[in-house]
Amino acid sequence: AYERRFPTCPLIPMFVASDTVSEYKSEDEAIHVIERRCKLDIDAPRLLKKIAGVDYVYFVQKNSLNRRERTLHIEAYNETFSNRVIINEHCCYTVHPDNEDWTCFEQSASLDIKSFFGFESTVEKIAMKQYTSNIKKGKEIIEYYLKQLEEEGITFVPRWTPPVACKLESSTSYTRRPVSPAINIPDSATKEGLNNKEILNTSSSPSEPTAGTPDDKLDADYIKRYLGDLTPMQESCLIRLRQWLQETHKGKIPKDEHILRFLRARDFNIDKAREILCQSLTWRKQHQVDYILDTWNPPQVLQDYYAGGWHHHDKDGRPLYVLRLGQMDTKGLVRALGEEALLRYVLSINEEGLRRCEENTKVFGRPISSWTCLVDLEGLNMRHLWRPGVKALLRIIEVVEANYPETLGRLLILRAPRVFPVLWTLVSPFIDDNTRKKFLIYAGNDYQGPGGLLDYIDKEIIPDFLGGECMCEVPEGGLVPKSLYRTAEELENEDIKLWTETIYQSASVFKGAPHEVLIQIVDASSVITWDFDVCKGDIVFNIFHSKRAPQPPKKDSLGAHSITSPGGNNVQLIDKVWQLGRDYSMVESPLICKEGESVQGSHVTRWPGFYILQWKFHSMPACATTNLPRVDDVLASLQVSSHKCKVMYYTEVIGSEDFRGSMTSLESSHSGFSQLSAATTSSSQSHSSSMISR
């Protein structure tokens with residue numbers, strides 16, 4: 001399709017003509033290199049053309065097709081005015097490493113204007129305009145010729161094979177079988193020692209599709225089995241975001257299904273999805289949400305009076321959660337337990353929902369990534385509009401929206417009373433527009449009519465309290481005894497306890513105000529370990545040693561700004577009069593950490609004394625070859641508002657004898673993403689030297 005634009009292309013008006021300068025083909029026909037001289041009619045002011053003394057501009061283009069590697073490289077440079085202006089362009093078509101049905105296209109160019117009769121600025125603008133137009137037009141042109149080929153009946157080009165292989169094949173008496181579609185080879189095949197020939201001869205019968213597993217990457221069967229219908233663009237977004245997570249989190253990444261939820265929540269805008277996903281992963285890690293089902297037991301009050309529970313599944317195979325909100329004493333629960341305990345219970349419900357989605361995916365043989373919630377409002381009254389109760393509800397909605405996007409497949413609200421519009425007015429602004437579209441509201445007994453409950457739930461599992469025949473084991477709720485109420489002070493202390501049940505601490509880092517942690521080492525050869533996430537902005541991580549203790553920490557007044565309750569701080573230990581090399585020394589090379597990165601490492605101490613871990617604001621340097629900053633630097637600087645960064649960290653000191661055994665016992669080796677990760681990794685290093693890993 002690309003070759004069809006030569007010798008001239010009507011879709012590119014400025015491309016007047018081209019002549020072949022040289023051409024080379026290898027004997028095995030795997031390599032084809034062709035060089036052309038292209039004539040262009042640049043859209044430039046006539047005065048400029050007259051001053052330059054030219055009507056046309058000539059470029060030399062070299063196309064290198066490698067059928068063996070399945071790549072096409074295109075290089076172009078200007079021949080006209082090459083002593084005044086240097087233009088280089090490189091394009092590359094390759095096969096996507098994760099899906100052979102995709103073609104990747106990359107394009108880059110450089111412009112260096114040395115002098116041009118005093119019109120340097122004008123030439124630069126013209127070049128940028130032409131290049132931008134070329135980028136926009138490129139995809140349209142290639143699709144035009146692909147469609148032209150399809151209309152001519154050309155939809156497939158046989159893959160190149162070595163001539164020797166062809167001769168061997170023709171000498172045999174076997175009939176050549178038709179080429180089967182490319183399949184994704186599981187890692188296990190390679191590990192078992194199969195050579196390339198054996199692997200290529202392994203074919204899957206259409207009647208026996210290959211079972212989809214995460215190891216299949218984005219194999220078609222895996223997509224259909226676990227992810228559902230995705231467009232090529234959506235698959236590409238998923239692969240790119242997953243690859244970015246692998247590079248920054250070193251294997252500690254969520255499963256594809258969970259990444260996909262965040263992409264869908266932001267209409268597959270990678271930058272926006274990455275931002276909310278990183279914030280969610282940090283939040284999960286800080287509050288150890290992955291372990292909530294195994295380590296947290298709900299108080300008896302919740303088990304007795306929280307009128308909600310799981311109840312079979314809907315007609316689409318989604319897990320069904322039933323909530324009898326009208327029968328629940330929200331005021332009593334808040335007074336007896338506090339807001340944080342209720343929030344934690346809702347988080348455990350959502351974690352259980354994720355687990356049930358995975359189970360139902362296996363049971364029904366199709367991707368199920370969300371659940372259905374049935375809310376019965378029979379009994380809802382003004383008591384439910386108690387202000388602290390509504391505040392708790394809004395807080396829960398906010399947290400769930402941020403960390404469990406696209407998990408609600410459908411919300412059925414039944415028997416909505418007259419007071420419901422008041423509650424809806426209060427909570428609806430906090431609910432995402434996409435989520436609101438999934439709400440179905442029925443007043444009175446409307447749910448029993450056409451378009452009602454039977455359209456979504458099988459008759460056999462409709463709960464008895466809604467007129468069905470299925471016994472529902474959801475607690476009936478009722479008023480919480482006032483004897484179980486607790487004072488505001490008790491609840492406040494309990495809330496703080498819940499939020500601080502984490503090994504991680506949060507801190508704010510400002511321009512000119514780093515955050516520093518002091519660690520005193522008594523025995524040399526002890527090991528300082530750390531595990532931190534960069535929640536916002538870019539930082540530089542340093543480790544210093546001093547023989548004398550710094551002054552008591554100075555808390556920065558700006559430290560009141562925090563990531564989550566109870567709050568992040570900003571502590572500065574190194575006195576401004578201290579001099580590096582005299583009062584303290586650097587024991588590790590500075591490490592630049594980008595926003596969203598997760599960093600784990602350790603340092604074996606050589607001397608006793610005081611060690612200072614420092615997180616410092618990273619200022620973007622300008623490009624070395626020009627006074628202008630790079631585009632990436634400008635965009636990055638815009639993302640860091642008010643020169644503020646946020647980190648979440650954990651440190652631990654271990655004796656050398658403990659360290660030399662195994663690091664799997666360290667808290668810092670647990671990513672905190674284990675429940676969402678397809679394959680978590682734990683560190684098993686036994687180095688006695690310094691080690692930093694991302």
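I count a residue as buried when its relative accessible area is under 20%. With that in hand I opened this predicted model and began with a pair of rings.

Phenylalanine 541 and tryptophan 615 are both buried. In total I found 18 aromatic pairs in the structure. One of them joins tyrosine 144 and tyrosine 145, edge-to-face, with 5.1 Å centre to centre and 75° between the planes. For phenylalanine 541 and tryptophan 615 the centres are 5.3 Å apart and the planes stand at 40°, so I noted the pair as tilted. Phenylalanine 541 belongs to strand E15 (residues 539-546) and tryptophan 615 to strand E21 (residues 609-617), so this pair ties together parts 74 residues apart in sequence.

Back to the tyrosines: which of the two is buried, and which partly exposed? Tyrosine 145 is buried, at 5% relative accessibility, while tyrosine 144 is partly exposed, at 40%.

I also noted a cluster: ring pairs link Tyr2, Phe6, Phe15, Tyr93 and Phe105.

**Entry: charges over rings**

Two arginines went into the notebook here. Arginine 225 has its charged end over the ring of tyrosine 226, 5.1 Å from the ring centre. Arginine 324 places its charged end over the ring of phenylalanine 465, at 3.9 Å from the centre.

Most residues other than glycine have a negative phi, and most peptide bonds are trans. I went looking for exceptions.

Phe6 from the ring cluster turned up again: a cis peptide bond joins phenylalanine 6 to proline 7, with omega about 5°. Proline 7 sits in the segment before strand E1 (15-25).

Glutamate 29 is not a glycine, yet its phi is positive, about 65°. I found glutamate 29 in the loop between E1 and strand E2 (31-40). Phenylalanine 81 also has a positive phi, near 55°, and lies in the loop between strand E4 (71-78) and strand E5 (85-95).

Phenylalanine 81 has a relative accessible area of 19%, and because the cut-off for buried is under 20%, I logged phenylalanine 81 as buried.

**Entry: the largest nonpolar core**

In soluble globular proteins, nonpolar side chains tend to be buried together. Here I found that the largest nonpolar core has 52 residues, and that Leu302, Tyr306, Leu333 and Leu377 have the most contacts inside it. Elements that each supply at least two of its residues include helix H11 (300-305), strand E8 (319-323), helix H12 (330-337), helix H13 (339-364) and strand E9 (371-376). Which element gives the largest share? That is H13, with nine residues.

I then followed leucine 302. Setting aside neighbours within four places in sequence, leucine 302 touches Trp296, Leu333, Leu337, Ala341, Leu342 and Tyr345. Two of those names, Leu333 and Leu337, came up again among the buried residues of H12, along with Thr330, Gly332, Val334 and Ala336. With six of its eight residues buried, H12 is largely enclosed by the rest of the structure. Just after H12, glycine 338 has a positive phi of about 95°.

**Entry: the five-stranded sheet**

Next I traced an open sheet of five strands, in the order E7-E8-E9-E10-E11 and with mixed pairing. Strand E7 (308-313) and strand E11 (439-443) are the edges; each has a single partner strand, so one side of each lacks a neighbour in the sheet. From one strand to the next the twist averages 20°.

E10 and E11 run parallel and are joined by four bridges. In that pairing I noted isoleucine 413, whose bridge partner in E11 is isoleucine 441. H13 lies across E7, E8 and E9, and runs at about 5° to E7.

**Entry: an enclosed strand**

My last stop was strand E12 (residues 505-510). Five of its six residues are buried, so E12 is largely enclosed by the rest of the structure. E12 pairs with strand E22 (residues 644-654) in the antiparallel sense, over six bridges.

Definitions and conventions. Residues are numbered from 1 along each chain as its sequence is written. This is a predicted model: local features need pLDDT of at least 70, side-chain atom pairs count only at pLDDT 80 or more; totals for chains, interfaces and linings use all residues. Side-chain values use heavy atoms; hydrogens and water are left out. A nonpolar core is a set of buried Ala, Val, Leu, Ile, Met, Phe, Trp, Tyr and Cys residues joined through side-chain atoms within 4.5 Å. Buried means under 20% relative accessible area, exposed over 50%, partly exposed in between (1.4 Å probe, protein chains only). Contact means heavy atoms within 4.5 Å. Two strands pair if DSSP finds at least two bridges between them. Axes are lines fitted to C-alpha atoms, for helices over the stretch in contact, and angles run from 0 to 180 degrees between N-to-C directions. Rings of Phe, Tyr and Trp (its six-membered ring) pair if their centres lie within 6.5 Å; planes under 30 degrees apart count as stacked, over 60 as edge-to-face and the rest as tilted. A charge sits over a ring if NZ of Lys or CZ of Arg is within 6 Å of the ring centre and within 35 degrees of the ring normal.
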